[in-house]
Amino acid sequence: MSASPPPPSIDRYLAAATRANTRRSYASAVRHFEITWGGHLPATADSVARYLAAYAGTLSINTLKQRLAALAQWHTAQGFVDPTGAPVVKQVLKGIQALHPAMEKRAEPLQLTQLAKVVDWLDLVIEGALERSDGIAALRYRRDRALILLGFWRGFRSDELIGLQVEHLQLVPGQGMTCFLPRTKGDRQHAGTMFRVPALSRWCPVTATMEWIAAAQLTHGPLFRQVDRWGHVPERPLHANSIIPLLRRLFTLAGLSTPDLYSGHSLRRGFAGWANTNGWDVKALMEYVGWKDVHSAMRYLDGNDPFAQARIERGLADGATLHVGHDDG
């Protein structure tokens with residue numbers, strides 16, 4: 001009698017149901033509750049409430065909400081009752097919001113003029129590296145130029161840039177390039193998303209990407225990778241935590257002021273602001289960038305007149321016109 005095949009492991013399918021960076025952040029949050037604070041799992045509603053109170057003055061409300069989401073996911077996955085939905089937890093969180101109000105921190109958007117300055121600087125250092133036969137430096141800077149241009153003109157998040165695979169790119173001559181991403185933040189059904197990248201006359205993301213692929217001799221696997229000191233390009237993507245330091249270092253070298261204000265979202269916010277200024281309607285921008293609701297879109301848009309100054313000044317001018325020739329007497 002032949003032995004029956006071993007039962008298939010469901011672990012990898014369970015893991016695939018959650019984005020990798022979400023799994024990492026949730027695991028870190030659970031460790032913080034259990035190890036740093038000294039909580040016990042499964043937790044009670046009272047212990048979760050006391051945990052929130054303990055960090056109310058040091059962690060942002062968004063971070064506390066993320067910790068609650070991680071604890072909720074852990075309890076649900078383990079088959080325990082979720083304590084984070086208890087009234088006492090909700091009331092404590094509401095009280096923290098009232099007593100510790102804080103402005104939401106947003107990444108500084110990379111403006112088009114700043115993008116041009118960085119890319120023009122990259123072009124110069126690539127040319128200089130090739131002239132002195134420093135192929136390793138030229139290779140790194142080609143990667144960086146492709147990452148910045150693709151991230152800006154497609155409004156990609158950092159984890160989307162890291163998730164791009166060479167075999168999922170397709171050049172459309174004279175038009176641009178398509179990028180298929182199996183996983184994106186807004187793709188709750190894990191059906192994958194196709195993005196179209198335009199070929200441009202200046203600061204072209206398609207040309208920069210193709211030049212990087214050719215220089216690194218990539219045929220498959222992650223698009224954006226490390227380049228080691230010997231010029232080797234191993235088959236592993238850049239680490240998620242390396243994107244912000246990489247961008248800030250480049251922005252510093254290119255001469256941008258306050259480079260530490262930029263983050264991985266600066267490319268996405270920069271493109272959104274540029275598109276808004278150039279007349280894109282919100283619906284078209286949402287479809288292009290991949291936002292699912294207007295609230296998400298508006299968080300990225302400062303508008304052409306964020307203080308309503310121009311609108312009010314027009315009203316003042318119109319009011320002054322109306323009163324010309326009308327005396328109080």
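Residues are numbered from 1 along each chain as its sequence is written, and side-chain values use heavy atoms, without hydrogens and water. Because the model is predicted, local features need pLDDT of at least 70 and side-chain atom pairs count only at pLDDT 80 or more, while totals for chains, interfaces and linings use all residues.

An open sheet is formed by 3 strands in the order S1-S2-S3, with antiparallel pairing (helices, H or I of at least four residues, and strands, E of at least two, are DSSP runs numbered from the N terminus; two strands pair if DSSP finds at least two bridges between them). Strands S1 (169-172) and S3 (193-198) are the edge strands, each pairing on one side only. Strand S2 (residues 176-181) is joined to S3 by 6 bridges, and Phe180 stands opposite Met194 in S3.

The whole structure contains 8 salt bridges (a side-chain nitrogen of Lys or Arg within 4 Å of a carboxyl oxygen of Asp or Glu). Asp46 and Arg50 form one of them, at 3.0 Å, N to O; these residues are 4 apart in helix H3 (residues 45-54), about one helical turn.

Glu211 and Arg145 form a salt bridge at 2.3 Å, N to O. Glu211 lies in helix H9 (residues 205-216) and Arg145 in helix H7, so the pair ties together parts that are 66 residues apart in sequence. Glu211 is partly exposed at 31% relative accessibility, whereas Arg145 is buried at 10% (buried means under 20% relative accessible area, exposed over 50%, partly exposed in between, with a 1.4 Å probe and protein chains only). A network of salt bridges links Asp123, Arg142, Arg145 and Glu211.
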